Amino acid sequence: MLINILITFLLITNIGAVASSRLTYCIKIVAAQGVVIGILPCLIYGEFALLPIVIAIFTITVKGVIFPLLLGWSLKTAQVAREVEPLVSYPFSIITAVLIFILSFWLGSRLSLPASFCGYLLVPVAFSTIMTGLFLIVSRVKALTQVLGYLIMENGIYAFGVALLREQPLLVELGVLLDMFVAVFVMGIAIFHISREFDHIDTHVLDNLSDRIPADIRPTEET
Amino acid sequence: MFEFILSVSIIFTSGIIACLLNRHPGKASFIGAAGAVTGSAIGLIASIRIILNDITVYKKGICAFNIGTLSTGIDQLSAFFLIPLFILVAVSSVYGIQYLKPFYAKKPIGSFWLFFNLLAASMATLVIARNGVFFLVAWEIMSLSSYFLVTFEDEHKSVRQAGIIYLIVNHIGVMFLFFMFAMMGKFCGSMEFSDFSAASSAILPVSSALFIMATIGFGVKAGFVPFHFWLPQAHPAAPTPVSALMSAVMIKTGIYGLLRILTFIGPPHLWWGITLFGIGLISGILGVLFALTQHDIKRLLAYCSVENIGIIAMGIGLGLIGLNKKLPVLALFGFAGSLLHVFNHALFKGLLFLGAGAVAQQTGTRNMEILGGIFKKMPVTGITFLIGAAAISGLPPLNGFVSEFLIYFGSFKCITVSSLSVVVSSLLAITGLTFIGALSAACFTKVFSIVFLGSERSALAEKAAEPGKMMRAGMVFLAVLCVLTGISMPLIIPRFHGLLIEVSGLAFSEIDLFLSQAKTTFVFINKIYAAIAVVFTCAFLLRKKILAEKIVRTAPTWDCGYSHPSAKMQYTGSSFVQPITDFFNFILRAGKKTELSSDIFPKKTSPRFESQDIFMRYIYEPLSAKIYSLIMKLRWIQHGRLQVYILYIVVTLLVLIIWKLG
């Protein structure tokens, strides 16, 4: 019962992340999601054991505390407008999130997973979290939102791993977490440096760095 | 074997050390060149020892990366290609020390030496490699390191463009080699060269396909027409020591590869020989015709390389025809001539490039039309260049003559054979070689007289001065070698024994007969040289004696009784060759623009003469334009927007999941 409530909460945070227009709110949502994800393995594992608890504490600290602080710090130092700047409008984003959820249910029903997993909700929600994260990466302009999308996607992968907890050692989860920690750390620093160098973290404008410059503004060369 | 591995390691290590010393260009130059010279000296002595003692070494190497072994081996063929390689590496690296001095402030000298030594080491490695994969790895390193050398002066747009063309063309070539080795590996069950030759009966059904792939793949590197067009782009673009090394040695690795593969794929079909002969003939004639019309001295030399590669291919083609028709005379003369030409061309083409580079560096231009009269200012460069020019035109007593002579000789011996194909190809070889020789003599008369003789056509030519000692040393050394090779043939030709057995696979006695025949001929030729030398010395002494009593007056060149002679009164390079180029305009299609006004009082006119490569103009440029426009239609996919790239990945993943689960 408790598990299903948590899973539903996860789903709601997904939709919240897609629908919100403020960056700080988004960060908070991702933090909440991290806490929920962190509690999940303890509940699913059933009996009392040391490893799930250690991992839960670690996950909650990293995803619920450190990442949001790091991202908040980036947001502050980069001094960007606190708006999300979507490429896809908010209503359409919400519709997409719902469509993703339906698709995930269908996928979950097709997937023949080992029987021991808990409840019919976890796998579809994990799927939809992954895809929502990807959707956020694709549909938002700012580099910071992309980190958020990446985090949400990772949460989904983590939740999917939790669903298969009994088959798969928790150490793998730990590895994923460590990986992600480094990734977010690097991204945070990169965002800071990008904004210091270019006065913005808009990925659109960064396109100009590519070698594909339109012919009319390409510098003329000697013949 | 140990000496070769030592030599390659010394060259390679010194390159890396030079790269680390990038901030001290003087030291980097010294270490890079010193390593190249030391390594080359060791390798050269070892190769000569191998040839003299007729040794063959094979060493099965350790397995690397699960796909190939690092097997190495050395036989007469490898040693024969290593000799010019090591000579040219040593000479051009010594030359390079001086040549690079003007670049100290603006270019990373250490990186130059890294790639230069890497090029040298990879060429030596591919010649001693005895495994298909190992060979290809060395081949790729050679192509890539030479690409970085070609683009050394990458601030010029033309250099970047030449680099790109070089890179693309060579990789298209290597694609054929990949296919070829993969096919051989599949049919023999192994990538070892020793297994290739052991299992030659297994390859037999596909030998023709292998021959075609080898001819294209190696022909691109060697510069056979119609794959030659990268040479005139890359060679002028590269710094001179590099263009000397590339033209003299690197393109020969294509010949080496072709000969090596021919030893694996069994008895030759007649059409292989005819194909190679035809390619050679066309390359030779077109190469020299295009060379005639050039204004850029290094580009001219590049076209001349195409011509000489053509002569080499003609020799191999005749050799294959001879093998097929069981005519050992034709086979041996053909192979011996082309192998000797590989060696000789390395010497004189290296020499000519070094000379041209010295002229270009001292005057600041490669355009022959604005040079002139620099013989008086650069006598050493002038004399060595003259020796190289005479050698490349095939004039006795220099080395260019002897190799062409062997091909002539073999062809003359076979024009009475009853086989039609042999008679036709022999006749074509004789007429073709005559034609090529005459045109290349005209071509180098043009170069030498326009650049070195006459009077200065511009201020650039006036400020010319002799280059530094090291550059002169390299040119003098090669010039001496050119003369020595030309007159010491009776000593050299008996050493071809083991080499010819490997290449032709003919019996001992036939080769011995051929060698003694060739030796007597060369001894006879040397007697003629001696007689001519005596006559000339006498004439010279006589002249001196006569002139001693008379007053000798010197006057400016082209004085000719005019009161105010001008440099513009001289022949230009284009006008010098105009009769020939007009005659062959149906091939050359050179653009000649002369706007003569029809007024009674003619205004100022300036005729222009532009050369072009018909293959570039009528085949490759339209082709690449077509490919480019096709590719540009897909440009919208590649727009540089990060989000949409990720969207591509997401969509792909989703489609795959749905496809798998649906």
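**Note on the two-chain model**

1. Lys326(B) has 10 C-beta neighbours inside 10 Å, so this residue counts as exposed (12 or fewer other C-beta atoms within 10 Å of its own; 20 or more is buried, in between is partly exposed; C-beta atoms are placed from the backbone). Phi of Lys326(B) is near 55°, a positive value in a residue other than glycine. Lys326(B) sits in the loop between helix H13 (297–324) and helix H14 (328–363) of chain B. Helices here are DSSP runs of H or I, at least four residues, and strands are runs of E, at least two, numbered from the N terminus.

2. On reading the model: it is predicted, local features need pLDDT of at least 70, side-chain atom pairs count only at pLDDT 80 or more, and totals for chains, interfaces and linings use all residues. Residues are numbered from 1 along each chain as its sequence is written, while chains are lettered from A and ligands numbered from 1 in the order in which they are written.

3. Two cis peptide bonds in chain B deserve a look. One runs from Val225(B) to Pro226(B), with omega near 10°. Pro226(B) is in the loop between helix H9 (207–222) and helix H10 (231–237). Another joins Pro396(B) to Pro397(B), with omega near 5°. Pro397(B) belongs to the loop between helix H15 (379–392) and helix H16 (399–413).

4. Chain B has a domain 1 (1–210), a domain 2 (267–503 + 571–597 + 606–612) and a domain 3 (615–661); the bounds come from an automatic or database domain assignment. Over C-alpha atoms, the centres of domain 1 and domain 3 of chain B are 35 Å apart.

5. Helix H4 (109–128) and helix H11 (240–264) of chain B have axes that come within 11 Å and cross at roughly 20° (axes are lines fitted to C-alpha atoms over the stretch in contact; angles run from 0 to 180 degrees between N-to-C directions). H4(B) is therefore roughly parallel to H11(B) (under 35 degrees; over 145 is roughly antiparallel, 65 to 115 roughly perpendicular, the rest oblique). The crossing is left-handed, meaning the near helix is turned anticlockwise from the far one by less than a right angle. H4(B) contributes residues including Phe116(B), Leu119(B) and Met123(B), and H11(B) residues including Val249(B), Met250(B) and Tyr256(B). By class, this contact has ten nonpolar, one polar and no charged residues (nonpolar: Ala, Val, Leu, Ile, Met, Phe, Trp, Tyr, Cys, Pro; charged: Asp, Glu, Lys, Arg; polar: the others, Gly among them).

6. Helix H12 (270–292) and helix H17 (420–451) of chain B pack at about 20°, with their axes 9 Å apart. H12(B) and H17(B) are therefore roughly parallel to each other. Their crossing is left-handed. Among the residues that meet are Phe277(B) and Gly284(B) in H12(B), and Gly432(B) and Phe435(B) in H17(B). The class count is 15 nonpolar, five polar and no charged residues.

7. Phe4(B) lies in helix H1 (2–20) of chain B. With 26 other C-beta atoms within 10 Å, Phe4(B) is buried. Beyond four places in sequence, Phe4(B) touches Gly43(B), Ala46(B), Ile74(B), Ala124(B) and Ile128(B) (contact: C-beta atoms within 7 Å). The C-alpha atoms of Phe4(B) and Ile45(B), 41 residues apart along the chain, are separated by 9.8 Å.

8. Chain A has eight helices and zero strands. Of its 223 residues, 38% are buried. Among contacts in chain A with a separation of 6 or more, 73% join residues 24 or more positions apart.

Technical notes
Two residues are in contact if their C-beta atoms, placed from the backbone, lie within 7 Å.
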